[in-house]
Amino acid sequence: MNTVNTMKNEKLKSILTERREKLSKEILAATHEIINDEEVFADSVDQAAADTGRSLTVQMQNRERESLAKLDIALKKIEEGSFGACEGCSESISDARLLANPATTLCIDCQTELESERQRFNNRR
Ligand SMILES: [Zn+2]
């Protein structure tokens, strides 16, 4: 691995680690919120509103857990030194793309090609 890539990965690693820490804190806070939210309402409308709020929190939490898992994959790949390389063509994936979706394994060209191939496949059916 060359120096430029190492430096680039160190920078990405600190950004992703920071993001991961923030996300775990949010998940933890949301969990507490659900546990503390177990009050019983006399008014059934209030109860319904509370239930809706709770299921939205759970939905949001699931999404955050997914993002967390993706960040874990990305951080593991940085450790292994395989982060940022396209699995399709071995070119490096752009920083902007990696930061938008840390778990991506394809560069924009390969992704576009894959999607248009999928489209062709779907059109045939
Ligand atoms: Zn590629």
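Among contacts in the protein chain between residues at least 6 apart in sequence, what percentage join residues at least 24 apart? I found 57%, where a contact means that two C-beta atoms, placed from the backbone, lie within 7 Å.

**Entry 1: the model**

I noted that this is a predicted model, in which local features need pLDDT of at least 70, side-chain atom pairs count only at pLDDT 80 or more, and totals for chains, interfaces and linings use all residues. I number residues from 1 along each chain as its sequence is written.

I looked up the confidence, given as pLDDT, the predictor's confidence in each residue, from 0 to 100. The protein chain averages 86, and 91% of the residues score at least 70. Confidence is lowest in α1, at a mean of 85, and highest in α4, at 93.

**Entry 2: overall form**

I recorded four helices and zero strands in the protein chain. Helices here are DSSP runs of H or I with at least four residues, strands are runs of E with at least two, and both are numbered from the N terminus. Along the sequence the pattern reads α-α-α-α. The radius of gyration is 20 Å, well over the 14 Å that the globule rule gives for 125 residues, so the protein chain is more spread out than a compact globule. That radius is taken over C-alpha atoms, and the globule rule is 2.2 Å times the number of residues to the power 0.38. The C-alpha trace spans about 65 × 45 × 20 Å along its principal axes.

I then checked burial. A residue is buried if 20 or more other C-beta atoms, placed from the backbone, lie within 10 Å of its own, exposed if 12 or fewer, and partly exposed in between. Buried residues make up 7% of the 125 residues in the protein chain.

**Entry 3: the two domains**

I found the protein chain divided into domain 1 (1–83) and domain 2 (84–125), with bounds from an automatic or database domain assignment. Their centres, taken over C-alpha atoms, are 24 Å apart. Ten residues from domain 1 and six residues from domain 2 form the contact. On the domain 1 side, α1 (3–36) and α2 (44–80) are the elements that give two or more residues.

I looked up A30, which lies in helix α1. A30 counts as partly exposed, with 15 C-beta neighbours inside 10 Å. Residues up to four places away in sequence aside, A30 touches T57, M60 and Q61. A30 and K70 are 40 residues apart in sequence, and their C-alpha atoms are 19 Å apart in space.

Helix α2 has 37 residues and reaches 54 Å from its first C-alpha to its last, close to the 54 Å expected at 1.5 Å a residue. The expected span is 1.5 Å times one less than the number of residues. G81 follows α2 and has a positive phi, near 80°. Within helix α2 I examined E66, which counts as exposed with 11 C-beta neighbours inside 10 Å. The C-alpha atoms of E66 and F121, 55 residues apart along the chain, are separated by 28 Å.

I noted S90 in the loop between α2 and α3. Most residues other than glycine have a negative phi. S90 is not a glycine, yet its phi is positive, at about 70°. S90 is exposed, with 8 other C-beta atoms within 10 Å.

Leaving aside neighbours within four places in sequence, L98 is in contact with L12, G84, I93 and T104. L98 and F83 are 15 residues apart in sequence and 9.2 Å apart in space, C-alpha to C-alpha.

Last, I examined helix α4 (residues 108–124), which has 17 residues and reaches 24 Å from its first C-alpha to its last, close to the 24 Å expected. The number of buried residues in α4 is zero, so α4 lies largely in the open.
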